[in-house]
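Subject: Structure handover and notes

Dear colleague,

I am passing on the structure that follows, together with some notes on what was found in it. Please read the notes with the coordinates open beside you.

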Amino acid sequence: MLLLLVNPEARDRLVADPDGEVDGIVEEVLRLAEPGGMGLLRYAHADVVVGEGDDQVTIPAGDAVVIVTSAANRDEGAFGDADAFDPDRAPNPHLSFGHGPHFCIGASLARTELRVGLGTLFRRLPGLRTAVEPSALTLHTERLTGGLDELPVRCAPRT
Ligand code: HEM
């Protein structure tokens, strides 16, 4: 919701054409605001060599690894202008639902919830705005799922 409130151009496109715009917006929300982006825990079953040259490291068998998918989702090598909210990214190969055998079994449901929730909210309340400067918002720091402590909003009349 906040990503749309601070990116009014994307919000206005969603309001004007919900069916046409919502899929790109949902993928970009997932990329930049994945809940649980603290990382996926894995253990190396064998020595694993990662990277090349001076960046090469070996993860010894038995070591725990925290794979920070939110960092991968902002990798400039994979996403141009990675910090920008750009619903037109195609492809948008974010890792918010994980990768491989444990890929999120609820991904389709989560995408549907976001499509319905964001689409309905901004269709019904196209004048929704933040009531405070985004810099004044504070994050949950005690929960793995992240999120904001609160998001004060106001609703401008339809123009
Ligand atoms: C935006 C919402 C969601 C996000 C970002 C998300 C993210 C993830 C991620 C990253 C994994 C991989 C964990 C790993 O590899 O260790 C995962 C697995 C899983 N997710 Fe989700 N998830 C979401 C919603 C849901 C929903 C709605 C359901 C069920 C209704 C669900 C059920 C599961 C299950 C059962 C697994 C384990 C799959 C396995 O280990 O084979 N998730 N999810």
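What share of the contacts in the protein chain with a separation of 6 or more comes from residues 24 or more positions apart? Such pairs account for 57% of those contacts, where contact means heavy atoms within 4.5 Å.

Before the details, some notes on provenance. This is a predicted model, in which local features need pLDDT of at least 70 and side-chain atom pairs count only at pLDDT 80 or more, while totals for chains, interfaces and linings use all residues. Residues are numbered from 1 along each chain as its sequence is written, and side-chain values use heavy atoms, with hydrogens and water left out.

As to the overall layout, the protein chain has five helices and six strands, these being DSSP runs numbered from the N terminus (helices are H or I with at least four residues, strands are E with at least two). From the N terminus on, the order of the elements is α-α-α-β-β-β-β-α-α-β-β. Taken along the principal axes, the C-alpha atoms fill a box of roughly 60 × 30 × 30 Å. Of the 159 residues, 26% count as buried, a term that means under 20% relative accessible area, with exposed being over 50% and partly exposed in between (1.4 Å probe, protein chains only).

H2 and H3 pack at an angle of about 140°, with their axes 6 Å apart, where axes are lines fitted to C-alpha atoms, for helices over the stretch in contact, and angles run from 0 to 180 degrees between N-to-C directions. The two helices H2 and H3 are therefore oblique to each other, given that angles under 35 degrees count as roughly parallel, over 145 as roughly antiparallel, 65 to 115 as roughly perpendicular and the rest as oblique. Ala10, Arg13, Leu14, Val15 and Ala16 of H2 make the contact with Pro18, Glu21, Val22 and Ile25 of H3. In H3, the buried residues include Glu21, Val22 and Ile25, and the buried residues of H3 pack against H1, H2 and H5.

Some loop positions also deserve a look. Asp55 lies in the loop between strand E2 (48-50) and strand E3 (57-59), and at 64% relative accessibility Asp55 counts as exposed. The C-alpha atoms of Asp55 and Val65, which are 10 residues apart along the chain, are separated by 17 Å.

Most residues other than glycine have a negative phi, and most peptide bonds are trans. In the loop between H4 and H5, Asp81 has a phi near 50°, a positive value in a residue other than glycine, and at 53% relative accessibility Asp81 counts as exposed. Pro91 is placed in the loop between helix H4 (69-72) and H5, and the peptide bond from Ala90 to Pro91 is cis, with omega near 0°.
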